[in-house]
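Here is a short tour for a first look. Keep the sequence and the 3D view side by side as you read.

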Amino acid sequence: MLLAEEPMNTVNYLRISLLDRCNFRCSYCMPSGSEIDYLHRSEILSYEELLGLIKEVFLPLGIDRFRLTGGEPLLRRGVVGFVKALCGLPGVQDVSLTTNGFLLSELADDLYRAGLRRINISLDSLDPTVFEQITGRKHWQKVWEGIQAAHRVGFDPLKLNVVVLPGVNDHEVPDLAALTINRNWHIRFIEFMPIGNSDYFAEKGWVDSETLRGRIRERFGLGSGECYGNGPADIFQIPGAKGTLGFISQMSECFCERCNRVRLSADGWLRPCLLNESDQIDLKTSLRSGASALILRQQVQKLLGEKADIHFKDRERGVAGSYGRTMSQIGG
Ligand code: SAM
Ligand code: SF4
């Protein structure tokens with residue numbers, strides 16, 4: 001009997017996009033110039049539908065770690081109540097959230113009280129002008145205040161995500177890394193991927209993590225660090241620093257063998273891999289047409305069993321899936 005068996009793989013982590021909308025326009029994430037087609041509210045899975053899927057489908061299949069993302073998840077009305085309900089579900093081992101930080105000064109306290117402990121905040125620059133150039137918004141100060149609020153409230157680990165863009169913010173990498181010296185913060189440098197804004201990618205290119213580590217090593221020294229969380233980051237530490245440095249190197253490295261995750265878009269498409277759009281399944285349509293929990297579990301278990309290793313290099317060989325959606329639409 002299929003469902004009585006252990007899942008055939010080690011996927012235990014689901015990234016859930018709460019909505020595809022965002023109040024920022026990061027150059028690496030969204031195509032410039034053209035308007036994005038946002039989902040209609042009725043197309044977005046309701047909180048009840050999400051909790052039902054988590055309880056009846058994902059938890060029974062061993063997926064017990066969840067990250068809320070988007071778009072900008074904190075823009076969704078009722079997000080604090082949803083976090084509370086999710087954190088309170090029996091069997092849930094871990095809940096985290098990725099945000100651009102814009103609403104954190106208002107929401108950090110409520111999110112913490114709701115049970116959230118782990119948060120990632122995107123901060124691509126320490127310079128408000130560069131920040132505006134990247135995000136299209138003059139909100140550096142507000143985001144910085146949000147980060148301070150998260151720190152004060154006690155989020156631990158508190159991680160800052162930095163997408164490194166050559167000629168734009170790569171010169172700031174050592175200064176960003178220096179934030180970890182006196183703070184128990186974790187900075188994660190992410191290689192720019194050709195998803196979302198491929199024209200900009202073609203124009204800018206990307207910097208590999210080893211080059212960044214070289215620059216940090218030259219200024220501060222660098223040792224390998226203790227590993228936090230369950231992700232694809234390679235962890236390092238400036239000697240004596242309180243925090244750590246993570247490098248997510250999906251362009252220069254293949255970490256498929258460490259991959260423990262699948263992604264659910266706001267409109268209910270379950271995607272086996274960031275780079276695989278063709279094998280995703282439409283859970284929302286199944287759910288709304290009355291499929292039983294058993295059928296839904298079978299569909300998800302099939303997807304987990306067939307989750308293939310795909311790397312960007314496969315795309316060059318024409319093997320990988322297509323990228324019709326931006327990171328904000330997929331749930332980055
Ligand atoms: N709005 C939230 C935020 O910005 O943190 C959550 C959603 S955002 C899509 C999640 C993560 O995806 C962010 O850390 C962002 O930097 C990253 N991201 C988006 N587009 C990317 C790209 N083309 N290459 C690498 N990382 C990207
Ligand atoms: Fe919005 Fe996050 Fe994409 Fe920036 S990276 S545009 S904040 S979804």
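The report below covers the sheet, a helix on it and the ligand site.

## The model

This is a predicted model.

## The sheet

An open sheet of 12 strands runs through the model in the order β7-β8-β9-β6-β5-β4-β3-β2-β1-β10-β11-β12. Its pairing is mixed. The edges are β7 (223–224) and β12 (281–282). Each has a single partner strand, so one side of each is left without a neighbour in the sheet.

Strands of a sheet pair through backbone hydrogen bonds, either parallel or antiparallel. Strand β10 (residues 261–264) pairs with strand β11 (residues 269–271) in the antiparallel sense, over 2 bridges. R263 has R271 in β11 as its bridge partner.

## A helix across the strands

Helix α1 (residues 47–58) lies across β1 (13–19), β2, β10 and β11. The helix runs at about 170° to β1.

## The ligand site

There are 19 residues around ligand 1. Y28, G71, S122, N161 and M193 come nearest. By class, the shell has 8 nonpolar, 9 polar and 2 charged residues. The sheet contributes here: β2 (65–70), β3 (94–99), β5 (158–164) and β6 (185–191) each supply at least two residues of the shell.

Polar contacts involve nitrogen atoms of ligand 1. A polar backbone atom of Y28 is 2.9 Å from a ligand nitrogen. For a backbone N or O atom of I195, the distance to a ligand nitrogen is 3.1 Å. The side chain of E72 places an N or O atom 3.2 Å from a nitrogen of ligand 1. On its own, ligand 1 has 550 Å² of accessible area, and the protein covers 96% of that.

How values were computed
Residues numbered from 1 in each chain as written. Chains lettered and ligands numbered in written order. Predicted model: local features only at pLDDT ≥ 70, side-chain atom pairs only at ≥ 80, totals over all residues. Heavy atoms only, no water. Near = heavy atom within 4 Å. Polar contact = N/O pair within 3.5 Å; in protein donor to acceptor, adjacent residues only side chain to side chain. Areas by Shrake-Rupley, 256 points an atom, 1.4 Å probe, with all protein chains shown as cover. Helix = DSSP H or I, 4+ residues; strand = E, 2+ residues; numbered from the N terminus. Nonpolar A, V, L, I, M, F, W, Y, C, P; charged D, E, K, R; others polar. Pairing = 2+ DSSP bridges. Contact = heavy atoms within 4.5 Å. Axes fitted to C-alpha atoms, helices over the stretch in contact; angles between N-to-C directions.
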